[in-house]
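Here's a quick briefing to read alongside the sequence and the 3D view. Keep both open while you go through the points.

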Amino acid sequence: MRIIHFSDSHISQDKPERDKDFEACVHRANSISPPADVVIHTGDISHDGHRQEYATAQKILEKLNIPSFVIAGNRDNRTELINTFADGQYIRRGDKFIQYCVNEFPVRLILLDTVNASGNTGSASGSNKGRFCSERLAHLESMLAADSSRPVAIFMHHSPFEATAIPDPFQFERWQEVERFHELLAAYKQVAGIYCGHIHRNAGVAIGGIRIQAITCMACDLRKGELTDKERSEPVINVIDLP
Ligand SMILES: [Fe+2]
C-alpha cells in the first residue's frame, strides 16, 4: 500500500504563495508511479484558523486523484476545520477531537489529535505544544484493540520523540503523556510506523522498534534547518510504502 504524507501547509490569506506550494505537492502526489492509494495531511493546514483558509485548502485537496484525510495541528482551529471537512463518518460536527481510524485500506490508518486546548484557536497565543490526554489515549487503545490482524500506520501532528537537533526537543506539554503513548504502543505489535509534522524539518527515530518520521513543511517559507536552495523550494511529499 502506498500512502502520501503531507504536513504543515499553513495556508494563509496573507501568504498566497503557500497556495502554490500546496498545489505543487498535490501535483506531485498525482504524478507519482505507481500511484498512491491515499493522502494524509497531518495538520497546520491553515496558519490562522480562518474559515476561508480551510475553504482554500479543501479546494486544492479536491484536485487530488485519490482520497485524502486530514487532522489538526496547533495552528488549526478545530471548529473551522470540522465545519469544512466534516464528512459525517470520520470527522463529525460536535466531535471533541479530530481522531479516527480509516479501515478501508489494507493498512489501517489511525489519525490522532494532539492539539491542546489553547492551541486550537488559530491565534499565536498560548502554547503550540501538543497534548495526548487519557481520553485520547483510551480511544487510541480501543482503535488498536479493534483489529490486530492488519498493520497500522499512525499519523499525528506533534512529534512524539526527543528531537535533539532543535533548540526545544520536546513538542508536548507533558512528556509523561508521550511515555504513556509509547507504553501503549509497545503492547500492540501491529504498528508499522508513526508519521508526524510540526517541527518543520525532516527527522526520524525508532522507539520500541517502531519507525517515527517527521517531515518538513509544505510551506516553503517556513522550512527550518540548513537547506540547499532545492530543499527549500521543492514540493515535499513523503511517500510511504507499506506491505
Ligand atoms: Fe506547522
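Predicted model: local features only at pLDDT ≥ 70, side-chain atom pairs only at ≥ 80, totals over all residues.

**Neighbours of β6**

- Strand β5 (residues 108-111) runs parallel to β6, and four bridges join the two.
- Within that pairing, Leu109 has Ala153 as its bridge partner in β6.
- β7 also runs parallel to β6, again joined by four bridges.
- Val152 sits opposite Val191 in β7.
- To get from β6 to β7, the chain passes through helix α5 (residues 175-186), and this β-α-β crossover is right-handed.

**The iron site**

- Which residues coordinate the iron ion? They are Asp8 (OD), His10 (NE2), Asp44 (OD) and His200 (NE2), at 2.0 to 2.2 Å.
- Along the chain, the donors of the iron ion are spaced as D-x1-H-x33-D-x155-H.
- Asp8 is in the loop between β1 (2-6) and α1 (17-31), while His200 is in the loop between β7 (191-196) and β8 (203-207), so the pair ties together parts that are 192 residues apart in sequence.
- Are Asp8 and His200 buried or exposed? Both are buried.
- The angles among the four donor atoms of the iron ion go from 92 to 169°, and the site is irregular. For reference, the ideal angle for four tetrahedral donors at a metal is 109.5 degrees.

How values were computed: Residues numbered from 1 in each chain as written. Heavy atoms only, no water. Donors = N, O, S within 2.8 Å, 3.2 Å for Na, K, Ca; no water. Tetrahedral: all angles 85-135°; square planar, octahedral: opposite > 155°, others 65-115°. Buried < 20%, exposed > 50% of the residue type's maximum accessible area, 1.4 Å probe, protein only. Pairing = 2+ DSSP bridges. Right-handed = clockwise from strand over helix to strand, strands pointing away.
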